[in-house]
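Notebook open, structure loaded. I wanted to look up a few packing details and jot them down as I went.

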Amino acid sequence: MRELWLIRHGETEWSRSLRHTGLTDIPLTAAGRAEAVALGPCLQARRFALVLVSPLQRARETCRLAGYENALVDPDLREWDYGDYEGRTTPEIQAERPAWSLWTDGVPNGETASQVAARAERVIARALASQGEAEGDVALFSHAHILRVLTARWLGLPPEDGRLFALGTAAVSTLGYEHQTPVITRWNLSLSA
């Protein structure tokens, strides 16, 4: 069985300042571009049967700089829609809603964890369906929260358990199998210097 390679986009101004960046389409910083370039040598050593990327520019730019210009855009890989909390930090939100958590409390006028999970499950299904088409693993260039939800669903956990998986910028993680059990095979690896 193949592995799913999860690659989070490089640094942006908002990821650096810990702002919830859902659908706001902001570019990588210079550091984020350097992180993306650093991914290339590690990823180029792998054979990918399928490379999917979020439609948002921070993921597409990371994908391109890592050496995958012909990746297929998959709208299901876009980040969580944070609604009214877009662009805000957790402490700013908690000043109004003490003890708020995205994972348990959700966001007004945005997506629910279940809606994000439905998208993640479609990505998993697409990756698994491609197994017979070509040899190799599947690479997914995307965003922290959607990849964390995708991981929870891979493991058969509720989407809210994505809170248990920290994921840095330009981090590489892999999902695979031990015997026939879905497992995490690598997690949150940083390849930048």
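Contact, in these notes, means heavy atoms within 4.5 Å. I'm working on a predicted model, where local features need pLDDT of at least 70, side-chain atom pairs count only at pLDDT 80 or more, and totals for chains, interfaces and linings use all residues. Residues are numbered from 1 along each chain as its sequence is written, and side-chain values use heavy atoms, with hydrogens and water left out.

**Entry 1: Ser-130**

I looked up Ser-130 in the loop between helix H6 (113-129) and strand S4 (137-142). Helices (H or I, at least four residues) and strands (E, at least two) are DSSP runs, numbered from the N terminus. Leaving out residues up to four places away in sequence, I find Ser-130 touching Arg-2, Leu-50 and Val-138. With Arg-2 there is a side-chain to side-chain polar contact at 2.8 Å. For that term I use a pair of N or O atoms within 3.5 Å; within protein, one must be able to donate a hydrogen and the other to accept it, and residues adjacent in sequence count only if both atoms are side-chain atoms. Buried or exposed? Ser-130 is at 5% relative accessibility and so counts as buried. My cut-offs are under 20% relative accessible area for buried, over 50% for exposed and partly exposed in between (1.4 Å probe, protein chains only).

**Entry 2: Ser-15**

Next I went to Ser-15, in helix H1 (residues 13-16). Its relative accessibility is 13%, so Ser-15 counts as buried. The Ser-15 side chain reaches the backbone nitrogen of Thr-12 at 2.8 Å. Not counting residues up to four places away in sequence, Ser-15 touches Arg-8, Thr-21 and Thr-169.

**Entry 3: H7**

How much of helix H7 (residues 144-154) is buried? Ten of its eleven residues are, so H7 is largely enclosed by the rest of the structure. Among the buried ones I noted His-145, Arg-148 and Trp-154. The buried residues of H7 pack against strand S1 (4-8), helix H5 (102-105), H6, S4, strand S5 (171-178) and strand S6 (181-190). Just after H7, I see Gly-156 with a positive phi of about 80°.

**Entry 4: H2 and H3 contacts**

Last, I checked which residues join the two helices: Arg-33, Ala-36, Val-37 and Leu-39 in H2 meet Glu-61, Thr-62 and Leu-65 in H3. I get four nonpolar, one polar and two charged residues in this contact, with Ala, Val, Leu, Ile, Met, Phe, Trp, Tyr, Cys and Pro as nonpolar, Asp, Glu, Lys and Arg as charged, and the others, Gly among them, as polar.
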